[in-house]
Amino acid sequence: MEFRHLGRSGMLVSEISYGNWITHGSQVEEDAALACVRAALDVGITTFDTADVYAATRAEAVLGRALKGERREGLEIFTKVYWPTGPGPNDRSLSRKHIMESINGSLRRLQTDYVDLYQAHRYDVSTPLEETMEAFADVVHSGKAHYIGVSEWRASEIRAAHALARELRIPLISNQPQYSILWRVIEAEVVPASEELGLGQIVWSPIAQGVLTGKYLPGQPPPEGSRATDEKSGANFIQRFMTDEVLSTVQRLKPLAEQAGLTMAQLAVAWVLQNPNVSSAIVGATRPDQVRDNAAAAGVKLDAGLLKAIDEIVEPIVERDPAKTVSPSHRP
């Protein structure tokens, strides 16, 4: 495993991080989840990402049990706050009330005294940014989080938060966006702003919900048990990629992966890691062998010729519009 600084902070994270968005507590049984976490640890992954909303808080609890007994100082544990975690009107958003209550719930479920990174899961249009950042400052100054991050924020929102973070003397060091060979909406604005301000990207869906593995074939139904067939495991997220044009184009990447001595998944994960502003790529898994396969992308260098060949193949289907980075227009 290779390690990178998270933004311009002093904290190192594993190039491959393990995330349990749509697996732990919902898609797979706990024994399988624990086996995947064990596989992640065995291949040298030290960075684990979750959120209070995943599987209605169950994912945090599963991860807490899976990591119990590990040396806490040897791990980087990340979680997030914003989406609803209960039925009440205040069980959501980035209000001071929700942040202060949510961090305590997350720590309890994760069975830890602190998280290394506490992230705003989306930008909250219903709460003054000053209130949100002051609450995050109290979380950091109380020792419940070492660093602050955001997820799927626009460049202008990141700039405003960074200015407040400097005033409040708290380290805002990361953004967690969707990023892949097919989805590059952060490149035009978010990445330049992040490079300027010292934030690193912790990217999710580097394999485009599994589409970049090549297992989905044009004109054929999705494999039984795959994510595209399971409404609970993110089928709605994958639909944007499930067109014959996209699937046919992805099939043309297979010879390039073979040429590089990589699986399709490894090629996809290695590709996002070629961006110097990417600190870590989040992978999820339902089986330990998927963790081991993805982790092999760490440290892989793709030469300029291969990167150019990838771009030439996928250019007609790549999404680059910065406006696709968007948070809800109202309180969730």
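With a relative accessibility of 6%, N277 counts as buried, where buried means under 20% relative accessible area, exposed over 50%, and partly exposed in between (1.4 Å probe, protein chains only). Leaving aside residues up to four places away in sequence, N277 touches V191, S194, E195, L199, G200 and Q201, contact meaning heavy atoms within 4.5 Å.

## Basis of the model

The model is predicted: local features need pLDDT of at least 70, side-chain atom pairs count only at pLDDT 80 or more, and totals for chains, interfaces and linings use all residues. Residues are numbered from 1 along each chain as its sequence is written, and side-chain values use heavy atoms, with hydrogens and water left out.

## Packing of α5 with α6

Helix α6 (residues 190-197) packs against α5 at an angle of about 20°, the two axes being 9 Å apart. Axes are lines fitted to C-alpha atoms, for helices over the stretch in contact, and angles run from 0 to 180 degrees between N-to-C directions. The helices α5 and α6 are therefore roughly parallel to each other; angles under 35 degrees count as roughly parallel, over 145 as roughly antiparallel, 65 to 115 as roughly perpendicular and the rest as oblique.

The crossing of α5 past α6 is right-handed, a term that applies if the near helix is turned clockwise from the far one by less than a right angle, anticlockwise being left-handed. On the α5 side the contact involves A155, I158, R159 and H162, and on the α6 side V190, A193, S194, E196 and L197. These residues comprise 5 nonpolar, 2 polar and 2 charged; Ala, Val, Leu, Ile, Met, Phe, Trp, Tyr, Cys and Pro count as nonpolar, Asp, Glu, Lys and Arg as charged, and the others, Gly among them, as polar.

## Packing of α4 with α5

Helix α5 (residues 155-168) also meets helix α4 (residues 129-141): their axes come within 10 Å and cross at roughly 45°. This angle makes α4 oblique to α5. The crossing of α4 past α5 is right-handed.

From α4, the residues L129, E130, M133, E134, A137 and H141 meet A160, A161, L164, A165 and L168 of α5. By class, this contact contains 8 nonpolar, 1 polar and 2 charged residues.

## Aromatic pairs

The whole structure contains 6 aromatic pairs; rings of Phe, Tyr and Trp (its six-membered ring) pair if their centres lie within 6.5 Å, and planes under 30 degrees apart count as stacked, over 60 as edge-to-face and the rest as tilted. One of them joins W21 and W204 edge-to-face, at 5.6 Å centre to centre and with 75° between the planes. This pair links distant parts of the chain, 183 residues apart: W21 belongs to the loop between β3 (16-19) and α1 (30-42), and W204 to the loop between β9 (200-203) and α7 (235-238). W21 is partly exposed, at 24% relative accessible area, whereas W204 is buried, at 13%.

Y118 and F136 form another edge-to-face pair, with 5.8 Å centre to centre and 90° between the planes. Y118 lies in strand β6 (residues 115-120) and F136 in helix α4, so the pair ties together parts 18 residues apart in sequence. Y118 is buried, with a relative accessible area of 0%, and F136 is buried as well, at 1%.

## Residue A33

A33 is placed in helix α1 and is buried, with a relative accessible area of 1%. The C-alpha atoms of A33 and L63 are 8.3 Å apart, and the two residues are 30 residues apart along the chain.

Technical notes
Helix = DSSP H or I, 4+ residues; strand = E, 2+ residues; numbered from the N terminus.
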